[in-house]
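Visitor: I have a structure open and would like to walk through a few of its details with you. Shall we take a look together?

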Amino acid sequence: MYRFTPWLKPAAAATLIGLICSATLWAQDAPQITNSTADHSKFEALQQAFASGPEVTAACLSCHTEAATQVKHSVHWTWEFDNSATGQRLGKRHVLNSFCGSVASNEPRCTSCHVGYGWEDMNKPPPADDAAVDCLVCHDTSGQYTKLDNAAGHAVISGTGTSTGKAKTITGAKAWAVDLTKAAQSVGKPSRQNCGNCHFYGGGGDNVKHGDLSSALNHPSRDVDVHMADDGLNFSCETCHRSDKHVFAGSRYAVHATDPEGAGKPGLPRRDVATCESCHGDTPHDWMTVQGIKLNDHSDRVACQTCHIPEFARGGVATKTRWDWSTAGRMDVYGNPLHLEEYTQGDGKHLHTYLATKGDFEYGEDVVPHYAWFNGQVEYTTADATIDPTQVVEINQLAGSSDDGRSRIWPFKRMEGRQAYDANLNHLAYSNVWGPTTDSAFWTHYDWGKAIEAGMKAAGADYSGEYGFVDTYMYWPITHMVAPAEDALDCQDCHTSNGRLAKVSGIYMPGSQPFSIGGILGILVFIAMVSGVLLHITLRIITRGAKGDDHD
């Protein structure tokens, strides 16, 4: 029961209550203000039933007329990168790796993560039709758009195997029929989930490839990633990887190991790089403290990531650290392909340690990186390069040294592999692993001879007919999963015997070799300094007593 003050008459009170109620109802019914200036659910072009992804794209292009052309000029579309410094033509379309090998001959499977629809032959460029560009893979915000894992980028729609329960999405989940209309009307800025559906699951599973990119970053806690934490800065990928005409800053083929331009001009956020310095500058620590001054002094030799990403594969999702293809093809006692699950990762999920289709695996969590001098240049061992099979073959070689003035000590995931090569020509080999309807796919027939022959033919590479297996390393820069400042490396993590950087050549680490010539000289200098101070104090005391000085 409401009590009115004596000076408020009943009629006025009724009017006031009416106004309050009306205001409350208006506030409830008022449209919510969003950052976007467009509600795509109201667009006539999107108010229809779509039968395929390309139909959605065609509708998008009726307004966003230049979007497809912009996308087609990006590495996301071409899967091709020309390195002017090394002269190599790189990109997914050309390189080999220590995971699933190569795209050639495995296209419908590999191009399931292409930012388009229908690319089925690496000997040909991506589809020319503008409608082949996939707008939804980056811009869907409904959360229910996804692609099939073996349909050359096409979305999961009714009639694509979902009724049998066999179809899988690019994340390995059981497929569902996507509501394309709902997805089209939901479009917005790319989220971590949009990017992560492909980048988190590269190489055949969650966090398999990079080590610092996993589903843990969809909703990370602050200790997993201080930038992306939901209860922290809540960055999207595009916060750092800024886009300009659908071309994104940041690439493992053209890494900015140093960024002398730093934050750039005040008030003008840079769009050309995705570096720590582009936000924090190259002297980010507190100049008012001795520790801050000394830490800033490290920035010309040590990458920010080295101290601020002490371990990768955090958050309960393991990364693959070794993949041995040479053991693939084993059967169990019943003649069926052998599968073993002998690793349980932090979030409780069981992982395969052996698959007949892929061989033996090893995993790691909270992995301490491999450290090396790095100037940003990477040269790849391509299929036409001659290798030495008696040595570990580096799939990609990191350029840099302590005396070139451009390199920093960087953290890397070093992937260990064992993979096929031409035993006569000494070239790394392409392999046809996927293809349920072919007679050469290893995952179907378990015949390495046929699989390698088909892969080499598809890539247009010479093949002697003889194959073997060689040990390999592949390096992946670690730059995500930045820890909070309080969890960064301490001085003693490096400046001690057998510290983190003990195996890095070309640098002297004070405290790391206490009994080396430099270490002994340093100790002697310190002892001499302390002795001099003590002697000075002793002499002052003695001379003061002898003279009878009294300062009272």
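Guide: Happy to! One definition to begin with: two strands pair if DSSP finds at least two bridges between them. Please also keep in mind that this is a predicted model.

Visitor: With that in hand, how many bridges link S13 and strand S14?
Guide: Strand S14 covers residues 427–428 and runs antiparallel to S13. One of the bridges pairs aspartate 422 with histidine 427 in S14. Pairing needs at least two bridges, and the count between S13 and S14 is two.

Visitor: Which residue in the hairpin of S13 and S14 takes a positive phi?
Guide: Four residues lie between the two strands of this hairpin. Among the hairpin's residues, the one with a positive phi, near 55 degrees, is asparagine 426.

Visitor: Which strand pairs with S13 over 11 bridges?
Guide: S13 has several partners, so let's go through them with their counts. Strand S5 (residues 319–324) runs parallel to S13 with three bridges, while strand S9 (residues 370–374) is antiparallel with five.

Visitor: In S13, what is the bridge partner of arginine 322?
Guide: For orientation, histidine 370 has phenylalanine 412 as its bridge partner in S13. For arginine 322, the bridge partner in S13 is glutamate 416.

Visitor: How many residues of strand S13 are buried?
Guide: Strand S13 spans residues 408–422, which gives 15 residues. Buried means under 20% relative accessible area. The strand is mostly covered, and its buried residues number 12.

Visitor: What is the nearest side chain of opposite charge to glutamate 277?
Guide: Glutamate 277 sits in helix H10 (residues 277–280). Beyond its neighbours within four places in sequence, its contacts are Asp259, Gly262, Ala263 and Asp282. A salt bridge needs a nitrogen–oxygen distance within 4 Å, and buried glutamate 277 has none. The nearest side chain of opposite charge is 5.8 Å away and belongs to arginine 408.

Visitor: Is serine 41 buried, partly exposed or exposed?
Guide: Serine 41 lies in the loop between helix H1 (10–29) and helix H2 (53–61). Leaving out residues up to four places away in sequence, serine 41 touches Gln47 and Gln185. Buried would require under 20% and exposed over 50%. Because its relative accessibility is 29%, serine 41 is partly exposed.

Visitor: What separates the C-alpha atoms of serine 41 and serine 186?
Guide: Along the chain, serine 41 and serine 186 are 145 residues apart.

Technical notes. Residues are numbered from 1 along each chain as its sequence is written. This is a predicted model: local features need pLDDT of at least 70, side-chain atom pairs count only at pLDDT 80 or more; totals for chains, interfaces and linings use all residues. Side-chain values use heavy atoms; hydrogens and water are left out. Buried means under 20% relative accessible area, exposed over 50%, partly exposed in between (1.4 Å probe, protein chains only). Lys and Arg count as positive and Asp and Glu as negative; His and the chain ends are not counted. Contact means heavy atoms within 4.5 Å.
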